[in-house]
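Have a go at each one, then check the worked solution.

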Amino acid sequence: MVRNLLVVEDSKPIASVIKQIGEALNFNVVLAKTLSEVEAILNTDQEFFAATVDYALPDAPDGEAIELVLANQIPSLVLTGKMDDKTRERILSLPVIDYIPKENSQAFLYLKRILHWQTTNSSIGVLVVDDSLSARKHVTELLKRRNFKTYGATNGVEALEVLAANPHIKMVITDLEMPEMDGIVLTNEIRKKYNRDQLSIIGISGATSGIHSARFIKNGADDFLRKPFCPEEFYCRITQNIESLSHIEQIKHAANTDYLTELPNRRAFFQQAQQFVAKCLKSDVPYCAAMIDLDHFKAINDNYGHEAGDHILKVVSLYMRKYLGNSVLGRLGGEEFAVVLAGVNEDQMYSKLDDFRRELSIQQIPYEDNAISISVSIGVAMNVKSGVAEQLNLADSALYNAKENGRNQVVIHGDDND
């Protein structure tokens, strides 16, 4: 989906920088340097995801372009070289996403951050907890300008119910003083179920005592705002907390994912496989563990180069997702993969693995000017009531026999061929 970004800026160098930022974020950038050009663009049938608007233009020196763009229901970021309090207050009185002073290069880095989050915030739920309807509406309106999906609750008890029903909620903004369950108790209850790397909590209070911020933090909150708060500070704190969650998620992803194939790595595979097997045993569902190894992989690297070998590993991972996608998949290292899958019976599980093997064996994988033939050998351990490591050891023994018996086949541990 192509998103249009309207850039209203009379400075050619600054417009060029913003255009580069927008295009780096996959926006289709439309430029205007005067109010009359903005009017002409808005009279077309183009729809805009967002706009960056210079406060002062040659034919609109006092923010007229901002009001015009907002009147057309386009979420807007204001860039301004004016730093006086009157201008700032006027901008903040408008329903803008934010305003950014043109002070230095940091302004453009901040702009890039905000535009990025505008495109991704719609997948993030934020729960606003306050018994005051007006206060709840105010915070919700600020969040909607940033494209968050918002939820509301009037007290802590209701908030816990909303949170349990909506797992994509990543932030809770809670007032202190509420009936039934106040913000401190709510924070404590949330932290019993959700770690800091899963959900962020921001406490809010209009009380003058400084002790409440410390109480919130000590009970598990990540941040605190005092009412009445400035929208600028609100947005800065919201962005910082969402970015912290995102960074943690990226670190966890890198720690648990094979960099080449994007499959779970050895550690993540074993963790997921243990949970999967436990569920199968509890539900009395047939399952198996399989080791998968590419045949003659060294020859592929020797004949076509290591980049070709990497390409083949990626292709194999794609076929694994296609044919074994409802299972626990992993790359254990080198050309060795593993899978734990469930099925109706042993014959069905064998068929899934053999279909995957057969489909790979008839492919000619294109790489540069070459067409590379590949095959895999698979060893399987069926319904072994032991730990995942022991199951994979048995599967590895069957894999060894598959290699010895001519490769490109599936061997089940305990069968006559094993």
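**Exercise 1.** Find which helices each supply at least two residues of the lining of the largest pocket.

*Solution.* Start with the helices, which are DSSP runs (H or I, at least four residues) numbered from the N terminus. The two to pick out are α5 (106–120) and α10 (231–256). Next, see who gives the most: that's α10, with six residues. Now look at the middle of the pocket: among its 13 lining residues, K170, D197, L245, S246 and E249 lie nearest the centre. Sorted by class, the lining has four nonpolar, five polar and four charged residues.

A quick note on the model: it's predicted, so local features need pLDDT of at least 70 and side-chain atom pairs count only at pLDDT 80 or more, while totals for chains, interfaces and linings use all residues. Residues are numbered from 1 along each chain as its sequence is written, and side-chain values use heavy atoms, with hydrogens and water left out.

**Exercise 2.** Work out how many disulfides there are in the whole structure.

*Solution.* Look for pairs of cysteine sulfur atoms within 2.5 Å, which is what makes a disulfide. The search finds zero. Take C236: its nearest cysteine sulfur belongs to C230, 8.4 Å away. For C288, the nearest one is that of C280, at 9.5 Å.

**Exercise 3.** Decide whether C288 is buried or exposed.

*Solution.* C288 comes out at 0%, so it's buried. C236, at 34%, is partly exposed.

Key:
On a 1 Å grid over the protein atoms alone, a cavity is a set of points where a 1.4 Å probe fits but cannot get out, and a pocket is an open set with protein on both sides within 12 Å along at least five of seven lines; lining residues have an atom within 4 Å of a point. Ala, Val, Leu, Ile, Met, Phe, Trp, Tyr, Cys and Pro count as nonpolar, Asp, Glu, Lys and Arg as charged, and the others, Gly among them, as polar. Buried means under 20% relative accessible area, exposed over 50%, partly exposed in between (1.4 Å probe, protein chains only).
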